[in-house]
Amino acid sequence: MRRTVTEIRSMKAKGKRITVLTAYDASMARLLSECGVDILLVGDSLGMVMLGYDSTVPVTMEEMLHHAKAVRRGAPESFIVGDMPYGSYHTGVRDAVINGLRFIKEAGCDAVKLEGGLAMCETVRALVAAGVPVMAHIGLTPQTASQLGGYKVQGKGIEEARRLLAEAKGLEEAGAFGIVIECVPSKLAKVLSASLAMPTIGIGAGVDCDGQVLVIHDMLGMFEKFTPKFVKKYADLAPLMKAAIKQYDEEVRAGVYPGTEHGFAGEGDYLELLSQ
Ligand code: KIV
């Protein structure tokens with residue numbers, strides 16, 4: 001049975017930690033679902049790990065919907081959050097609601113996620129009023145990282161920390177059902193988590209968040225370009241994948257693969273066709 005927003009929220013009240021991982025295609029979504037991951041996030045990080053962009057900025061609505069639909073097909077029972085790409089909610093509340101609804105209606109997502117603080121409260125309110133559950137995202141917000149001075153820890157000083165608390169409370173008051181907190185000091189994330197009724201989902205924010213999220217390619221060791229400090233590699237798949245690919249390449253060149261066991265038998269050897 002698919003989880004609901006109410007169930008996700010009540011996990012915090014019950015002290016149950018929430019697991020979130022990104023998924024971008026049907027086969028990975030199926031694996032995550034079979035492993036019991038609570039929430040699948042179709043993150044705009046797909047711009048980097050799937051599409052080869054340098055950042056999340058160029059990702060479009062059409063690209064997000066394409067991947068979100070695949071994730072839904074692979075994990076019909078999972079709670080899926082679609083990440084609203086840069087530009088899809090910055091041109092006015094109406095555009096945000098239209099695009100948020102597309103994630104629900106066209107891709108079958110259960111909720112959307114958007115980045116930003118107090119400036120996003122009106123948008124969150126409008127989406128929720130339209131029936132679109134919203135997960136907020138504060139701290140390091142990759143879509144606007146250049147305005148934040150790059151990919152660096154946010155909220156180190158007390159004034160900045162105060163601002164993050166005000167943002168989180170404002171977004172909760174606007175109706176967000178949960179919030180991603182990215183790259184903030186662990187002790188600040190603990191205070192934020194204690195100050196909010198909605199669950200906090202940390203990434204680079206310490207162990208005291210109500211849940212954790214990672215990019216699947218990072219935690220499986222499939223993305224070699226760079227690995228943020230907060231990532232734990234639960235597997236190192238890239239070298240294994242390369243070894244397998246190299247072996248295939250060598251075996252095909254050497255005529256070792258496919259072996260007879262990989263082929264199909266017919267009704268003869270068909271040699272008579274050679275003389276025709
Ligand atoms: O796009 C993404 O994958 C994200 C997570 C890292 C939180 O926003």
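In this structure, β5 supplies the largest share of the lining of the second largest pocket, namely three residues. The model is predicted, so that local features require a pLDDT of at least 70 and side-chain atom pairs count only at pLDDT 80 or more, while totals for chains, interfaces and linings use all residues. Residues are numbered from 1 along each chain as its sequence is written, and side-chain values use heavy atoms, with hydrogens and water left out. Helices (H or I, at least four residues) and strands (E, at least two) are DSSP runs, numbered from the N terminus.

**The second largest pocket**

- A pocket is an open set of points on a 1 Å grid over the protein atoms alone, where a 1.4 Å probe fits and protein lies on both sides within 12 Å along at least five of seven lines; lining residues have an atom within 4 Å of a point.
- The second largest pocket holds about 290 Å³ of space, a volume being the space filled by probe spheres set on the points.
- It is lined by 18 residues, and E115, G116, G117, T141 and T144 are the closest to its centre.
- Both β5 (134-139) and α7 (158-174) contribute at least two residues to the lining of this pocket.
- Six nonpolar, nine polar and three charged residues make up this lining, where Ala, Val, Leu, Ile, Met, Phe, Trp, Tyr, Cys and Pro count as nonpolar, Asp, Glu, Lys and Arg as charged, and the others, Gly among them, as polar.

**The largest pocket**

- About 1100 Å³ of space is found in the largest pocket.
- Its lining consists of 48 residues, with I203, G204, V213, L214 and F230 nearest the centre.
- Two or more lining residues come from each of β1 (18-22), α3 (46-49), β6 (178-182), β7 (200-203), β8 (211-214) and α9 (216-219).
- With five residues, β1 gives the most to the lining of the largest pocket.
- By class, the lining of the largest pocket contains 26 nonpolar, 12 polar and 10 charged residues.

**Helix packing**

- Two packed helices are described by the angle between their axes and the distance between the axes.
- Axes are lines fitted to C-alpha atoms, for helices over the stretch in contact, and angles run from 0 to 180 degrees between N-to-C directions.
- The axes of α2 (residues 26-34) and α4 (residues 61-74) come within 7 Å and cross at roughly 45 degrees.
- This angle makes α2 oblique to α4; angles under 35 degrees count as roughly parallel, over 145 as roughly antiparallel, 65 to 115 as roughly perpendicular and the rest as oblique.
- The contact (heavy atoms within 4.5 Å) involves A26, A29 and R30 of α2 together with A70, V71, R73 and G74 of α4.
- Four nonpolar, one polar and two charged residues form the contact of α2 with α4.
- The axes of α5 (residues 93-105) and α6 (residues 121-129) come within 9 Å and cross at roughly 45 degrees, and α5 and α6 are therefore oblique to each other.
- In this second pair, V93, A96, V97 and G100 of α5 meet E122, T123, A126 and L127 of α6.
- The contact of α5 with α6 comprises five nonpolar residues, two polar and one charged.

**Backbone features**

- The peptide bond from Y257 to P258 is cis, its omega being near 0 degrees, and P258 is placed in the segment after α10 (237-254).
- C183 is not a glycine, yet it has a positive phi of about 55 degrees; C183 lies in the loop between β6 and α8 (186-195).
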